[in-house]
Amino acid sequence: QLQLVESGGGLVQSGGSLTLSCAASGNPLHDYAVGWFRQVPGKEREGLLCISVNGEHTKAADSVKERFSISKDHAKNTAFLHMNNLKPEDTAVYYCAAVDVYVNYVCRFDSIQWYDNWGQGTQVTVSS
C-alpha cells in the first residue's frame, strides 16, 4: 500500500518561492503517476500538474504552468512541486496523489477520481 506524506508548506511572501515534497513509502514511486492538487475551503479541489510514471512527461493547468513545475526523484522516492512567483490566491492546502498505471508516459491533473492514493495535505499561505 502506497503512503504519501506532503511537507514543505508554510507562510511565504507574495513573489516568493516554495518547494513542496511528497514522500512515498510502501511502494516505489517509479511505478506511479503523480499529481498535485490544491483546495481552498468551500471550493472544489483543483488539479495543478501531473507527471508520468517514467517522469518524462508532465502536464500543467494554464493557471500555474508559467510558475509551477513538477518533478520526481526516484532515488528519494519523492515527488516535488516547485512554485515560483507565488501570489495570495495560491493560498490553499496542497495535496499530492498517485496512481499505479500500466502506461508509463501518461498522467492527468484534471481528474481527482483517476488517483487512488492521497496525502494528507500541507498548508501554503501567501501573504500580500
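Where is N77 found? In the loop between β7 and β8 (78-83). Strands here are DSSP runs of E, at least two residues, numbered from the N terminus.

A word on the model. It is predicted, so local features need pLDDT of at least 70 and side-chain atom pairs count only at pLDDT 80 or more, while totals for chains, interfaces and linings use all residues. Residues are numbered from 1 along each chain as its sequence is written, and side-chain values use heavy atoms, with hydrogens and water left out.

Back to N77. Its phi is near 55°. That is a positive value, in a residue other than glycine. N77 counts as buried because its relative accessible area is 16%. Buried means under 20%, exposed over 50%, and partly exposed in between, using a 1.4 Å probe and protein chains only.

Next, N85. This residue is in the loop between β8 and β9 (92-100). Its phi is also positive, about 50°, and N85 is not a glycine. How exposed is N85? Partly: its relative accessible area is 42%.

N85 brings us to R67. The side chain of R67 has a polar atom 3.0 Å from the backbone oxygen of N85. R67 itself is in the loop between β6 (58-60) and β7 (68-73). Buried or exposed? R67 is buried, because its relative accessibility is 11%.

What does R67 contact, leaving aside neighbours within four places in sequence? H82, M83, N84, N85, L86, K87 and D90. Contact here means heavy atoms within 4.5 Å. So N85 is on that list, and its backbone oxygen is the one 3.0 Å from the R67 side chain.

Definitions and conventions
Helix = DSSP H or I, 4+ residues; strand = E, 2+ residues; numbered from the N terminus. Polar contact = N/O pair within 3.5 Å; in protein donor to acceptor, adjacent residues only side chain to side chain.
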